[in-house]
Amino acid sequence: MRGLFLASACVCILAVGTISAFLLINGLPFFTKYPAGQFILGAEWAPLRDVFGILPMIVGSFYVTLGALLLGAPIGILTAILMSRFASRPVVKIMKPVVALLAGIPSVVYGFFGVMLLVPFVRETFGGTGKSVLVASILLGIMILPTIIQTAEAALNAVPQSYYEGSLALGATHEGSVFRAILPAARPGIISGLVLGIGRAIGETMAIIMVAGNNPRMPGDILKGVRTLTVNVLMEMGYAADLHRESLIATGVVLFIIVMAINFLFSFINRRRVQQ
Amino acid sequence: MKLRKILALVLALTAITAVALAEFDASRTIAVVSREEGSGTRGAFIELTGIQTKNAEGKDVDNTYIEADFVNGTSLVITTVSQNEYAIGYASLSSVVHNDTVKMVKVNGVEASTENILNNTYPIARPFNVVTKGELTDELAKDFYAFIMSKEGQAVVAEDGLVPVGNDETPSYTASGLKGVVVVGGSTSVAPVMELLGEAYTALNPEVEVDVQSTGSSAGVTGALDGTYMIGMASRALKDSEIEAGALGTAIGIDGIAVIAAPQNPVEDLSLEQVRQIFTGEVTTWDALNK
């Protein structure tokens, strides 16, 4: 029986190990042919001339992630507070599966929703082509909601009831107690939910490629297009050859390192929470 | 709360429909839709329309408008264009010709069609040539060549999305039962269809191996002349110097690219220069085109 457990664990470790090894073995040779500095800090992407600079995509990834967070974080946290402290039992009973359903919608469906509804809406309202940082951020903001809501709600529920009761006893209102006593106590859990949301947003590809316009230049205007790291890989993998192909795998390596860094940040926050 | 949300949604939808039904506003930005870097269609399109230029170092520069909407697939170009009346895009002729959701824009007054590509009047098309040094003498190469030009070979060409050069009188091919290796080399654009032709040929003649090397059109012509390749491939017409050196080019199919717009878009005809201006971003609104 123990062997079975061990074997299962080994499959997981083997998968992570193989993927890491694959990425590094296939991605690193690129850096012997193309300087890493020019690759990461280069602002121009022109594979035809063998110019590979992915800074616009790195900035683009963080840009849409920030936009998603600006939208997803307040809505997510307030929803979690509602579910944890304000809503009646029947409402929570409906909300929980709804949030879970939101998490279960495949990203390509989100993409369709974006391209059929949000893109034309933005195009007709604000002009431009509609494929923009704005739509990508809205879409990602919705996609990270379940992650944020579920983690934040669990953190809020875990705060001892005595905090709330103590606050009430001191004369605070229900709202005051929730926002001043419970919310601060749940903060580390909420932050780890946000970090998980960032991880989800930065790794999202399918929905973004459909709504972002995918322009390989420095992003700026929120009504104009943007290309993220993930999109860069998916978009050009089909026809890329030689150095171009290797540059895409190297893009994957950079993305991998960024996501790893976010995960380390997540476990660091978690560890601090345990210590507290 | 819920009622207000539903109301807002209904309002939004009405707004969208109202705008969609409104007149075409020519002062709006042209939504340029382009394929991604590395796409063969994009490579051919930028070359034929002059979007691709050479820089001082002699390297090819792709001047496609950076604010274009980049999508990675022919069907995606078609969907994107069909949903936006201000959009313009391009796609392989074969994939658009049976599609009613977009219309093909005439270029230099010429409609994109198989006939106009065959009679050389539609400008965004290029022949895929096989190149030989004079008439073929090698039995095996001759047989493979005969297969390419046969009904069966041209069917493969058409299946790959090219305009076939064969007609009703094109002869059928019968397997020869020869043995050996056919070495074909040249254009990277022709290579994929040549690989398909090779596979179809090997299926009929199991003892023959077709070796397709993609090295570029110029290398294909040189290789055919110096005997490196039995048959060369070129995705452009032969140069005079090459013909003088004894190279004989024969089109095996023609690659046509249609410029497409949504059916509601009033644009019917663009000059090749206007197409270039749109796709390089020199002209960004529809009304600026007519000036």
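Modeller: Happy to! Let's start with A:R49, which is buried at 18% relative accessibility; buried means under 20% relative accessible area, exposed means over 50%, and partly exposed is in between, using a 1.4 Å probe and protein chains only. Its salt-bridge partner is A:E44, and their closest N and O atoms lie 2.8 Å apart. A salt bridge here is a side-chain nitrogen of Lys or Arg within 4 Å of a carboxyl oxygen of Asp or Glu.

Residues are numbered from 1 along each chain as its sequence is written, chains are lettered from A and ligands numbered from 1 in the order in which they are written, and side-chain values use heavy atoms, with hydrogens and water left out.

Next comes the bridge between A:K131 and B:D69, whose closest N and O atoms are 3.1 Å apart. This pair crosses between chains: A:K131 sits in the loop between α5 (107-126) and α6 (133-143) of chain A, and B:D69 belongs to strand β4 (residues 69-71) of chain B. Helices (H or I, at least four residues) and strands (E, at least two) are DSSP runs, numbered from the N terminus. Both ends are buried, A:K131 at 6% relative accessibility and B:D69 with a relative accessible area of 6%.

Within chain B, look at B:K54 and B:D60, bridged with 2.8 Å between the closest N and O atoms. Here B:K54 is exposed, with a relative accessible area of 60%, while B:D60 is partly exposed at 27%.

There is also a network of salt bridges, which links A:R123, A:E124 and B:R28. Over all chains, the search of the whole structure finds 18 salt bridges.

As for confidence, the predictor gives the complex an ipTM of 0.83 and a pTM of 0.79. Chain B has a mean pLDDT (the predictor's confidence in each residue, from 0 to 100) of 86, with 92% of its residues at 70 or more. Among the elements of chain B, helix α1 (residues 2-21) has the lowest mean pLDDT, 59. Where pLDDT is low, the predicted coordinates should not be read in detail.

Conventions: This is a predicted model: local features need pLDDT of at least 70, side-chain atom pairs count only at pLDDT 80 or more; totals for chains, interfaces and linings use all residues.
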